Amino acid sequence: MRNTQRSQKIAFFFLFLATLLIVVPVGLIVVIIIQKGLPAINWQFLSDIPRQGMRAGGIFPAIIGTFYLVLGAIIFALPIGLLAAIYLSEYAKDNILNRIIKLAIVNLSGVPSVVYGLFGLALFVVFLRFGASILSGSLTLGIMILPIIVTTSREALESVPQSFREVSLSLGASKWQTIRHIVLPNAIPGILTGTILGLGRAAGETAPILFTVAAFYLPQLPKSIFDQAMALPYHLYVISTQVPNVDEKIRYGTALVLLFLVLFMNLVAIIIRYNFRKKKKW
Amino acid sequence: MVKFNAKNLNIWFGQIHALKGVNIEIEANEILSVIGPSNSGKTSFLRMLNRLNELHANFRMSGWLEFDREEIKRINVESLRKRVGMVFALPLPLPLSIFENVAYGVRMHGEKNRGKVAGIVEGALKQAYLWDEVKDRLGVSAFKLSGGQQQRLCIARTLAVAPEVILFDEPCSGLDPISTAKVEEAMLRLKKDYTIVLVTNNVKQAARVGDRTAFFLSGELVELDRTQKLFTAPADRRTDGYIRGEFG
């Protein structure tokens, strides 16, 4: 009896320790970035173009650039990813070919992002002649987050109970009606989770935009999707390593803005998801 | 009139031979009870009648099965399922409101007129003896109802698409005796307008509501007779053993 209790306490201790080990670094990162970056945040920093070789002024073009890139990536990846997920979970027969496809998609999300960058350079920038542009960058980021969206959407669709499908079919609804009216509405929260993960990844990656869109220094806003643009992660890399004597608070301020931009976009998705969950009747 | 006619019907799920050479005729406007221990093939038989077995990836069949003198495979599956409704073992409301649950099938078959849909929903709920209990809260989630109410909602949902046959798959297995009595009462009243096939684990229930009773064992149809005859003087020793509770 004693022993059981002691081993339980030890187990709890280690479980708690592991949780702490995860939470503390994340908390520290956020605290340090806020602490060092907050002094840089003011209206000029958020709304002005970079000045004096990026040592002063603001980061507005980079904010806008990242916003466009993420938006473009989602507009491209969400519909295609969702349709592919519907096919894979609802229509594809369980055979070797489809299993290989599913496995390949899961593994694609582990491919290093710089590989996607090279792929985007070869396909969009060079072969399709989009040049280094928001279009090329968005498509590259979109392809990078497709596997995440397909995999999470597929799991969300498959987690809708089989019994709902059987009931719908037994009432004489067609397969598509069943998917459209029963399966999809109940899978939306899970699909949005995938979208949130994809958003965060697209906003934060540097490598895929390096060759496809990112401008070193471009003190104006993009006018069309065929323009180059600045983007926050790349800008952060540039002012941290390529430009000497940039004030520390500007670097941390940029990181803080990136963090909040991702957080803000996630928040929108989370609110939508929350509203769908509230409507869920089971 | 014969509604369903099966001749030498065999089905398999992968390697499992679930129905073995079943010959059966189901008459219009009768309640046919199907009894048997678990894994006897009675639910597989029921799910043949609305082709729900075909959702199974490794399903195969041989033999003949016709509905209203038309081979079942040749009937468009959606219109077959509209004509042959099903009530499942557990109450399975869709994740919609009470109203939308009943309206679902109607809407899927293309009825857009709101007044018409509302009329059908009200009629179906009345037929299932649920209207009085839910008429003031049609907009709430169907999951807010009790188990027995949910099962009657499922009956109403099936009735709303105006089927000719209703398949009941152990509809009372999750219900208390009072709810069971209400569902049985509904079944008996529905008999004059519908053909009913009732799969049940409860031998007494089969005796109470069935006009005829079929006994399945290990995928074979052992005996089929008028309920009174089957329960008082079964022809087969295995039937006798089962209804006396020697195995089950």
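A nonpolar core is a set of buried Ala, Val, Leu, Ile, Met, Phe, Trp, Tyr and Cys residues joined through C-beta atoms within 7 Å. A residue is buried if 20 or more other C-beta atoms lie within 10 Å of its own, exposed if 12 or fewer, and partly exposed in between, with C-beta atoms placed from the backbone. The model is predicted: local features need pLDDT of at least 70 and side-chain atom pairs 80 or more, while totals for chains, interfaces and linings use all residues. Residues are numbered from 1 along each chain as its sequence is written, and chains are lettered from A and ligands numbered from 1 in the order written.

The largest nonpolar core holds 147 residues. A:Leu69, A:Ala231, B:Val34, B:Ala156, B:Val197 and B:Leu198 touch the most other members. Helix α6 of chain A (residues 134–158) gives the largest share, 13 residues. Beyond four places in sequence, B:Ala156 touches B:Val102, B:Ala124, B:Leu125, B:Gln127, B:Ala128 and B:Leu130 (contact: C-beta atoms, placed from the backbone, within 7 Å).

Chain B has 10 helices and 10 strands (DSSP runs numbered from the N terminus: H or I, at least four residues, for helices; E, at least two, for strands). Of its 248 residues, 47% count as buried. Among contacts in chain B between residues at least 6 apart in sequence, 69% join residues at least 24 apart.

Chain A is divided into domain 1 (7–39) and domain 2 (41–279), with bounds from an automatic or database domain assignment. Six residues of domain 1 and eight of domain 2 form the contact.

Definitions and conventions
Contact = placed C-beta atoms within 7 Å.
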